[in-house]
Amino acid sequence: MINAKILHIDENHNLLIEGLELLGYQNVLAYNTPLTKLLLKLKQYEGIVIRSRFPINKEFIDAAVQLKFIARVGAGLENIDVSYAEKKGINLITAPEGNRNA
């Protein structure tokens, strides 16, 4: 069992949360938590799931010392400092087809 924590900053589909739980991840929902409070707790998460609530910049990435991935529910990475995240060895995941109708 993985037993790693994933922080969900923006709302997303329950299937994602259920699938991650089946894989052994602990999901923490922080849809309304202010950025100032999140920055204090980021060190405990290995994954972040976000849409575009706020930027994932150098300060955010440096506070998330265990971060292994950032998953963006959407196509672009415009709110993430991609080069800095890659420099820190953080995997970036997007869902480019996420808003498309089936």
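What percentage of the 102 residues of the protein count as buried? In this predicted model, 34% of the 102 residues fall into the buried class.

**View 1. Overall fold of the predicted model.** The protein contains four helices and five strands, which follow one another along the sequence in the pattern β-α-β-α-β-α-β-α-β. Its radius of gyration is 13 Å, close to the 13 Å that the globule rule gives for 102 residues, so the protein is as compact as a globular protein of that length. Along its principal axes, the C-alpha trace spans about 35 × 30 × 25 Å. Of the contacts in the protein with a separation of 6 or more, 31% are accounted for by residues 24 or more positions apart.

View 2. Because its relative accessibility is 7%, and buried means under 20%, L67 counts as buried. When residues up to four places away in sequence are not counted, L67 touches Y45, E46, G47, I48 and I90. The C-alpha atoms of L67 and I6 are separated by 9.3 Å, although these residues are 61 residues apart along the chain.

**View 3. Surface and charges of the protein.** The protein exposes about 6,400 Å², and carbon and sulfur atoms supply 52% of this area. Its charges comprise 12 positive and 11 negative ones, and the mean positions of the two sets are 6 Å apart.

Note on methods:
Residues numbered from 1 in each chain as written. Predicted model: local features only at pLDDT ≥ 70, side-chain atom pairs only at ≥ 80, totals over all residues. Heavy atoms only, no water. Buried < 20%, exposed > 50% of the residue type's maximum accessible area, 1.4 Å probe, protein only. Contact = heavy atoms within 4.5 Å. Helix = DSSP H or I, 4+ residues; strand = E, 2+ residues; numbered from the N terminus. Rg over C-alpha atoms; globule rule 2.2 N^0.38 Å. Areas by Shrake-Rupley, 256 points an atom, 1.4 Å probe, with all protein chains shown as cover. Lys, Arg positive; Asp, Glu negative; His and termini not counted. Charge placed at Lys NZ, Arg CZ, Asp CG, Glu CD.
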